[in-house]
Amino acid sequence: MDDIFISALVCIAALLVDVWVGEPRRWHPVVGFGQASAALERRLNVPGPWRASRGMMALLVLVGPVLTLVYWAERQLPDGGWLILEVLAVWLAISLRGLAEHGTAVSTALRAGDLSQAREQVGRIVSRNAEALDERGVAAAASESMLENGADAVFASLFWFLVAGVPGVLLHRMVNTLDAMWGYRNERFRQFGRAAARMDDLLNWVPARLTALTYAVLGQTSQAWRCWQTQAKAWDSPNAGPVMAAGAGALGVTLGGPAPYAGGTKQRPVLGCGPAPGAQTIEASIQLVRRGAWLWVIVLMVGAGLGRVLMLGGA
């Protein structure tokens, strides 16, 4: 039980550092990893046979040395140094404040009636054609980004740290980054990015459903559960579907639907139920993710405490 308490304290410390400091403005390891990944992809992702195999090789080349270094550091660092490294790893992975800052920039512009600025801000966090979005489309895009990235960056990072420590959280963060860069279903990445996309789906399967459950518990529970069960299967991502359906239901709004991309309008299923989203929906999405992160830590602490009481009682 002491290990669970320590893990919970690491998560609390990382969340507090995130609240006070936010993301590093310079020398962010994830940014550096992304730059290295882009350079390697340009070198290996060339037309011809074995494209999927080269994608798998690229994934191993990028991930393997980092995990090897982490395992070496765990054996070399004193307990205090390793504890600091744990806090740093979780802090750099979760990016909760950064997520909130991006979402707030969109909602602030919408509240001010500045649609042009809102489009510019939402274009920084979504891949759709922001210039073609109306006010509802901007609000929906930002809200969906908060819910989905909350699952990917916040809850999945916490989950994999609790399950597998620093190697787990780093493996998930690296694979998730590669999926974001290579996981497109187009000619360039369909084969090359397959390994990253499949591994990301696997690593996010459990965290995504725990995230959906978290959203349901903290929002309109029965509605969130109903939307999750009836709408998620229609979404093209096996993990984003439950997260976004439950999130939309928990917030009591309608998300999804047609969305403009560079290649044309993508017809997507409707998620949730209720009125169209607005600036307040983005803010409510941010609060849902924030409260969910602290709920996880509270549940972990309470569970560890009850476990200790039961063990002492049994003794």
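## Surface and overall form

In this predicted model, the protein exposes about 15,400 Å², of which carbon and sulfur atoms supply 63%. Buried residues account for 49% of the 315 residues, and the C-alpha atoms fill a box of roughly 60 × 50 × 35 Å when the box is taken along the principal axes.

The secondary structure consists of 11 helices and four strands. Because the radius of gyration is 20 Å, close to the 20 Å that the globule rule gives for 315 residues, the protein is as compact as a globular protein of that length. When contacts between residues at least 6 apart in sequence are considered, 71% of them join residues at least 24 apart.

## Nonpolar cores

The largest nonpolar core holds 70 residues, and those touching the most other members are Val106, Leu110, Val122, Leu158, Tyr215 and Ile282. Helix α7, which spans residues 135–182, gives the most to this core, contributing 17 residues. Another core, of 15 residues, lies apart from it and includes Phe33, Leu44, Leu178 and Phe192.

Which residues does Leu158 contact, once its neighbours within four places in sequence are left aside? The partners of Leu158 are then Cys11, Val90, Ile94, Ala293 and Trp296.

Is Ser145 buried or exposed? Its relative accessibility is 5%, and since buried means under 20% relative accessible area, Ser145 counts as buried. With neighbours within four places in sequence set aside, Ser145 is in contact with Leu99, Ile125, Val126 and Gly150.

## Leu218 in helix α8

Leu218 belongs to helix α8, which covers residues 194–218. The relative accessible area of Leu218 is 22%, so this residue is partly exposed, a class that lies between the buried limit of under 20% and the exposed limit of over 50%.

Not counting residues up to four places away in sequence, Leu218 touches Leu288, Arg291, Gly292 and Leu295. The separation between the C-alpha atoms of Leu218 and Gly274 is 17 Å, and these two residues are 56 residues apart along the chain.

Methods: Residues numbered from 1 in each chain as written. Predicted model: local features only at pLDDT ≥ 70, side-chain atom pairs only at ≥ 80, totals over all residues. Heavy atoms only, no water. Helix = DSSP H or I, 4+ residues; strand = E, 2+ residues; numbered from the N terminus. Rg over C-alpha atoms; globule rule 2.2 N^0.38 Å. Buried < 20%, exposed > 50% of the residue type's maximum accessible area, 1.4 Å probe, protein only. Contact = heavy atoms within 4.5 Å. Areas by Shrake-Rupley, 256 points an atom, 1.4 Å probe, with all protein chains shown as cover. Core = buried A, V, L, I, M, F, W, Y, C linked by side-chain atoms within 4.5 Å.
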